[in-house]
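Please find below a short note on the structure, written as numbered points. The points begin with the chain as a whole and then turn to particular pairs of residues.

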Amino acid sequence: MGGGGRDRPEPPASSSTVGRESAGQPDRAAPANSAEQPWPVRSVAIKVAQWIDRLGSIWVEGQITQINLRPGTSTAFLVLRDTAADMSLSVTCHPDLIRRSAVPLQEGSRVVVYGKLAYFTGRGTISLRAIEIRPVGIGELLARIERLKALLAAEGLFDPRLKRPIPFLPKTIGLITGRASAAERDVLTVARNRWPAVRFEIRNTAVQGPTAVPQMVQALAGLDRDPAVEVIVLARGGGSVEDLLPFSDETLCRAIVAATTPIVSAIGHEPDNPLCDLVADLRAATPTDAAKRIVPDAAAELAGVREMRARAAAALRGWVDRETRALAQLRSRPVLADPLRELDRRYDEIERLRTAARRTTDHLISAETTTTRHLREKLTAVGPAATLARGYAVVQRVSGKERHVVRSIEDAPAGSQLRIRVADGAITAAALGTQALGKTDTGRN
């Protein structure tokens, strides 16, 4: 990797070379390693070569970012880069592998390489010696995308319930797109024509090639951390299937799902449908469509406000008119037009009823008064006071503090103290004797 494709690689250390030290001494067990007995660089390099040699032949997938094929040389140099991470690997091969490839190999091609890693002890570098190079065709790429799509769908990453709402009028919009691209121009022009006050935080990244995914993921994370950014747009113009492959990368799709800011995917044209369209919170057919769906049209909104105000004023006037007519109808009714007319019409009847009520009340009071007087007279006639007034008296025998009405001569023997009540008072007397009715007084005591 450090040669930059200019120096011819050294052949990998063979088993006999690995077993010998550079001084030509015979193989022997390595001494114990310590501060007092350090290993020389040649021993470390030989051990590293031994460990790498044990890996054997492997298949590696990546994207070609550099091809160095010089005429007259027996070795071609390539740089194979990971499609989702900023990592690369130096590859060497025979020039015929590149010249005789069924599909022309060029920078940006996706390939699968079969070869064996070799560690060059002289320079301390690692290179993959390719034995076979297979270009990855469109059919295979599409099949991989379908498998990834099924995996993400099984994890529920396409669930509409996970979609975050897009703010009605975002103050700041994050935009991830290519530098000076048509997509950037379309989004900015349309958005600012619709709402001039809108602000953008733009991150220019690669939108195709091996560096596209790492740069877009980094830009997405940076915008997602910015509290001022309310929505993020991922925009790119149209392109071939190979050009749009980064937008179906698993790393980018999972980064979109993990973001907390709503994300709008505006990739390619209407027929293009990369996987980021499915995981994004909103899919726009084109970058222009994304600007229209995120930024409201100021003129249209003002027209809508005017229309709503006119409709509200018309509705209010209609309501006032209806209520005015209803009040006029109520006021035109006789009971409200002349409220006292009904009272005047009922006045004679009320007076007649009042006179009848007064007469009935007087008659009832008179009748009850007469009845009360008669009852009082009857009560007086049968009462003790009237009897006493006719000459009768009530005789009581006084015994200490007690008094007993004398009803028989037996109740008042001779010598008893008596109290005689007459109509106008009481007389105190003593019984001198008793006499039965119809007999003469014998004088007995």
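**Note on the predicted model**

1. The chain has 445 residues, of which 30% are buried. Its secondary structure consists of 13 helices and 14 strands.

2. The contacts may be considered by separation in sequence. Among contacts in the chain with a separation of 6 or more, 60% are between residues 24 or more positions apart.

3. How many salt bridges does a search of the whole structure find? The search finds 14. Some of them are described in the points that follow.

4. One of these salt bridges joins the side chains of Glu61 and Arg110, with a distance of 3.2 Å from N to O. Glu61 belongs to strand β1 (residues 57–68) and Arg110 to strand β4 (residues 110–120), so this pair ties together parts that are 49 residues apart in sequence. The student may wish to locate both strands in the structure before going on.

5. Are the two partners of this pair buried or exposed? Glu61 is partly exposed, at a relative accessible area of 36%. Arg110 has a relative accessible area of 18% and is buried, because the limit for a buried residue is under 20%.

6. A further salt bridge is formed by Asp277 and Arg283, whose closest N and O atoms are 3.2 Å apart. Asp277 counts as buried, with a relative accessibility of 4%. Arg283, with a relative accessible area of 24%, is partly exposed. This value lies in the range between the cut-offs of 20% and 50%, so Arg283 is placed in the partly exposed class.

7. Asp96 is partly exposed, at 25% relative accessibility. Arg100 has a relative accessible area of 68% and is exposed, because exposed residues are those over 50%.

Methods:
Residues numbered from 1 in each chain as written. Predicted model: local features only at pLDDT ≥ 70, side-chain atom pairs only at ≥ 80, totals over all residues. Heavy atoms only, no water. Salt bridge = Lys/Arg side-chain N within 4 Å of Asp/Glu carboxyl O. Helix = DSSP H or I, 4+ residues; strand = E, 2+ residues; numbered from the N terminus. Buried < 20%, exposed > 50% of the residue type's maximum accessible area, 1.4 Å probe, protein only. Contact = heavy atoms within 4.5 Å.
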